[in-house]
Amino acid sequence: MKFIQAQFSLKYEPQLKIRRFANDIEDCLQQYYGIPQTNTLPDEYDLETPRVMISSKNGHSQINFSPISVDFIANFDNEFMNDFLKTREYIQERIKLIVELLKKISINEYLFCGITYNIRLDIGEQRPIEYIKKYLGDNIPNENLYEVSQNVACVKDDKFFINQQIGTYKEFQKRLDSVPNVPGLVKIANEEIISEGISLALDINSRYQYVYQDKKNSINDCLMDVDIIFSLLTENIDRWR
């Protein structure tokens, strides 16, 4: 099992002036992050688009601030790819910084938050299609399958959505071939499969409570929610080991 990427997302009420806090963001995150970049879109335009983006000094993560959310994305390599506990410690440490920053800029409530993990399973010598067949229902044809994915969502404690997607993946390498007798012109040849296997995406978030109970959360409760989410992630990841 390899951990490829993880993302933490927290949604809050619209903060149209979020770009004005670029200096506060830089000051709070300067231990691990560089100089933030800002997007000069009008405050009321396209609230999902980040206004402040800041990347880590080692290039492994990025934090984006939009008027309605903060999104932290981490890409793993080396020993982190094989060690869930290392990734958890890294993410929780960064989330603590984000929460302290949100308090500083007076974002005292949030709507919901969640964490998504993108994982590749160890299936040994099995072909991906053969591995995943056991998760298919009888009403799905089993012959000549090329790609397969399955999505499952459930609710925990009337608060958390647990979303799981398992499927096959293929990575291709494009090859450019020269066109005979036409200097400088190339064409894309058949793509070569360089990697294939089974991917697992786990997305656990507290959106259920917000949607169905219309309940907001104090920013002081965020780290507690994150602890619960990681417990649920651990429980669901262990099922696939």
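This report describes the overall build of one protein model and then looks at several of its residues.

**Basis of the description**

The structure is a predicted model, in which local features need pLDDT of at least 70, side-chain atom pairs count only at pLDDT 80 or more, and totals for chains, interfaces and linings use all residues. Residues are numbered from 1 along each chain as its sequence is written, and side-chain values use heavy atoms, with hydrogens and water left out.

**The protein as a whole**

The protein contains 5 helices and 13 strands. Both are DSSP runs numbered from the N terminus: helices are H or I runs of at least four residues, and strands are E runs of at least two. Taken along the principal axes, the C-alpha atoms fill a box of roughly 60 × 55 × 35 Å.

Of the 241 residues, 41% count as buried. Buried means under 20% relative accessible area, exposed means over 50%, and partly exposed lies in between, with a 1.4 Å probe and protein chains only. The protein exposes about 13700 Å², of which carbon and sulfur atoms supply 45%. Such accessible areas come from the Shrake-Rupley method with a 1.4 Å probe, and for residues only the protein chains shown count as cover.

A contact means heavy atoms within 4.5 Å. Among contacts between residues at least 6 apart in sequence, 67% join residues at least 24 apart.

The protein has 28 positive and 36 negative side chains, and the centres of the two sets lie 1 Å apart. Lys and Arg count as positive and Asp and Glu as negative, while His and the chain ends are not counted. The place of a charge is taken as NZ of Lys, CZ of Arg, CG of Asp or CD of Glu.

**Cysteines**

A disulfide is a covalent bond between the sulfur atoms of two cysteines. Here the term is applied to a pair of cysteine sulfur atoms within 2.5 Å. A search of the whole structure finds 0 disulfides. Cys 28 has its closest cysteine sulfur in Cys 222, and because the separation is 15 Å, the two are too far apart for a bond. The closest cysteine sulfur to Cys 222 is that of Cys 113, at 4.5 Å, which is also too far for a bond. Cys 28 is partly exposed, with a relative accessible area of 26%, whereas Cys 222 is buried at 0%.

**Residues of helix 2**

Helix 2 spans residues 84-104 and includes Thr 87. Thr 87 is buried, at 0% relative accessibility. Leaving aside neighbours within four places in sequence, Thr 87 is in contact with Phe 3, Phe 76, Phe 80 and Tyr 117. Val 99 is also in helix 2 and is buried, at 2% relative accessibility. Not counting residues up to four places away in sequence, Val 99 touches Ile 219, Cys 222 and Leu 223. The C-alpha atoms of Val 99 and Gln 62 are separated by 15 Å, and these residues are 37 apart along the chain.

**Two asparagines in strands**

Asn 75 lies in strand 5, residues 69-75, and is partly exposed at 39% relative accessibility. Beyond its neighbours within four places in sequence, Asn 75 is in contact with Ile 4, Gln 5 and His 60. Asn 217 belongs to strand 13 and is buried, with a relative accessible area of 6%. Residues touching Asn 217 include Asn 108, Tyr 110, Phe 112, Lys 159 and Asp 225.

**Polar contacts between side chains**

The table lists pairs joined by a polar contact, that is, a pair of N or O atoms within 3.5 Å; within protein, one must be able to donate a hydrogen and the other to accept it, and residues adjacent in sequence count only if both atoms are side-chain atoms.

| Side-chain pair | Separation |
|---|---|
| Thr 87 and Tyr 117 | 2.8 Å |
| Asn 75 and Gln 5 | 2.8 Å |
| Asn 217 and Gln 209 | 3.0 Å |

**Two aspartates with positive phi**

Asp 158 has a phi near 55 degrees, a positive value in a residue other than glycine. Asp 158 is found in the loop between strand 8 (149-156) and strand 9 (160-173), and is partly exposed at 49% relative accessible area. Asp 214, likewise not a glycine, has a positive phi of about 50 degrees. The loop that holds Asp 214 runs between helix 4 (207-213) and strand 13 (217-218), and Asp 214 is exposed, at 60% relative accessibility.
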